[in-house]
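Could you walk me through this model, starting with its confidence and moving on to how its strands pair?

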Amino acid sequence: MSATLALGRRSLREALRQPDALFMTMFIPIFFLVVNTGQAAEIFPSDTTGFLEGQGYGAFQLPITLLLAASFGMAALFLVEEIEGGYFDKLRAIPVPRYSIVLGRLVAEAAKGVVISAVIVLIALPFGIDIASGPLGFLLLVALSALWGVVYAGFMQLIALKTRSAAATNSGGLIFFPLLFLTPNFVPRDLLTEPMEIAATINPVTYLMESMRSLILDDLAWSEIWQGFAVVAVLGVMMLVLSVRMIQSYD
Amino acid sequence: MNQDLGAPAVLAEALVKHYDGREGTVEAVRGVDLQIRTGEIFGFLGPNGAGKSTTVRMLTTLLTITSGRAEVAGVDVIDDPDGARRRIGVALQEAGLDPRQTGRELLNLHGRLFGLGATEAKERAEELLALVELEDAADRVIKGYSGGMQRRLDLAAALVHEPEVLFLDEPTTGLDPASRLTIWGELRRINGNGTTIFLTTQYLEEADQLCDRLAIIDDGLIVRQGTPSQLKADLRERRGDGEVTLDDVFLDATGRTRERAAGEVQEVAA
């Protein structure tokens with residue numbers, strides 16, 4: 001555990017030394033929040049659109065903004081850079097549990113995710129977006145977003161470990177990225193066309209998004225909230241098991 | 001320095017590494033036997049692709065062993081890889097360092113990962129920065145270091161836990177003559193403190209200058225082993241003529257001509 005934390009601190013230092021990357025992580029999702037809200041707010045006025053629960057369309061868009069920001073983690077790219085540069089082997093030659101090398105980066109992703117998500121929500125508040133579930137809901141929202149960031153970064157690290165190539169890791173991200181959009185990100189699931197509704201229903205990210213949305217638009221609706229945590233828990237366990245197996249057998 | 005305190009610092013018996021690929025099995029190492037005495041500087045030479053790095057990676061637990069066995073500092077690398085890692089220092093080809101950390105942060109981190117306490121790790125980092133003469137650059141980010149500085153820091157990182165055996169894979173490749181001489185001096189100093197050094201190199205003069213004994217590997221097999229002077233004397237005796245250099249030994253052992261070897265092995269003027 002101490003090795004994981006030491007490597008996590010290192011990854012955090014690394015992130016702080018690249019403030020431009022942190023800025024872009026927040027800028028692009030916020031840009032989409034502003035653009036999407038600006039384009040669709042007239043179609044979905046808050047006073048006549050039931051699914052907005054009295055809030056503006058920006059509140060409905062906030063979950064995809066948070067999920068996008070959480071999915072921009074750099075852990076896998078830094079990892080593959082270390083594999084290509086040889087530092088990964090240097091770490092493997094140290095008598096620490098090998099899983100700590102990948103978990104260290106995920107600890108840093110969690111910490112970054114908390115800060116980035118909290119900042120995005122705080123930026124959104126003055127623009128009429130409320131967290132209807134209150135301070136506890138705010139914490140749960142930030143936690144869900146950060147946990148998704150860890151899960152996503154973990155899967156990207158798996159691609160990095162498998163391919164050992166920056167180009168392949170980047171391309172791998174393009175495979176996972178559509179999952180964020182095969183969701184009810186513009187309207188609720190029951191308003192989607194049938195094929196999109198089917199795709200959204202089998203996509204686990206949908207339940208995460210709906211859970212986050214309920215924290216923004218509703219009181220604490222535990223029947224929806226638990227689904228988001230279940231998704232990150234199940235995917236997180238899968239990711240951890242695969243990561244440990246892959247790094248133990250890395251040759 | 002050649003202390004020969006009894007137990008071998010590195011032992012390899014019938015070490016084999018196969019890779020399975022689309023085009024069949026590649027036999028990178030085909031049965032290597034080595035016995036390196038404690039306190040030696042041992043040179044491991046061979047043309048590109050002969051199996052040098054693969055052998056080093058097996059001995060340092062970075063690569064699984066297809067068959068055979070290996071021990072470093074008396075610890076079996078298959079049965080107790082963590083035990084082996086505690087006893088070895090590793091600096092591989094192309095200084096593998098984290099470019100976004102400073103030299104001091106990197107050495108501190110390695111100290112912590114090897115189980116040193118916070119204060120102890122800091123003190124050890126300072127000692128090592130002084131040893132490799134990088135105190136002035138200690139707080140600079142590593143990506144700004146020159147090639148020679150990176151190699152010296154890599155060497156320092158490999159020494160954080162005072163290893164019994166130091167594995168160096170082509171530690172001076174690509175360095176200018178002055179940086180190479182600095183590294184040689186540091187290696188002699190480290191060896192003088194009792195650390196066994198296992199060194200792969202493509203520079204024959206480096207092997208001649210530094211190594212107590214050396215082995216030449218070709219096509220996955222050891223083809224010569226002995227002290228540099230023994231190997232030269234053996235060839236001189238077989239040829240029955242005068243001057244023999246380590247280049248001649250290498251070319252004879254690997255069946256290469258000078259033309260074919262060009263680009264594979266280089267002589268350096270120190």
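Here is a short briefing on confidence in chain A and on the sheet of chain B.

This is a predicted model, in which local features need pLDDT of at least 70 and side-chain atom pairs count only at pLDDT 80 or more, while totals for chains, interfaces and linings use all residues. Residues are numbered from 1 along each chain as its sequence is written, with chains lettered from A and ligands numbered from 1 in the order in which they are written.

**Confidence**
- Chain A has an average pLDDT (the predictor's confidence in each residue, from 0 to 100) of 92, and 100% of its residues score at least 70.
- Within chain A, the lowest confidence falls in helix α8 (residues 166-176), with a mean of 83, and the highest in helix α10 (residues 204-217), at 96.
- Helices (H or I, at least four residues) and strands (E, at least two) are DSSP runs, numbered from the N terminus.

**The sheet of chain B**
- Four strands form an open sheet with antiparallel pairing, in the order β2-β1-β4-β5 (chain B); two strands pair if DSSP finds at least two bridges between them.
- At its edges are β2 and β5 (75-76) of chain B, each pairing on one side only.

**The β1-β2 pair**
- Eleven bridges link strand β1 (residues 8-21) of chain B to strand β2 (residues 24-37) of chain B, in the antiparallel sense.
- A hairpin of two residues connects β1(B) to β2(B).
- Opposite B:D20 stands B:T25 in β2(B), and B:A12 has B:L34 of β2(B) as its bridge partner.
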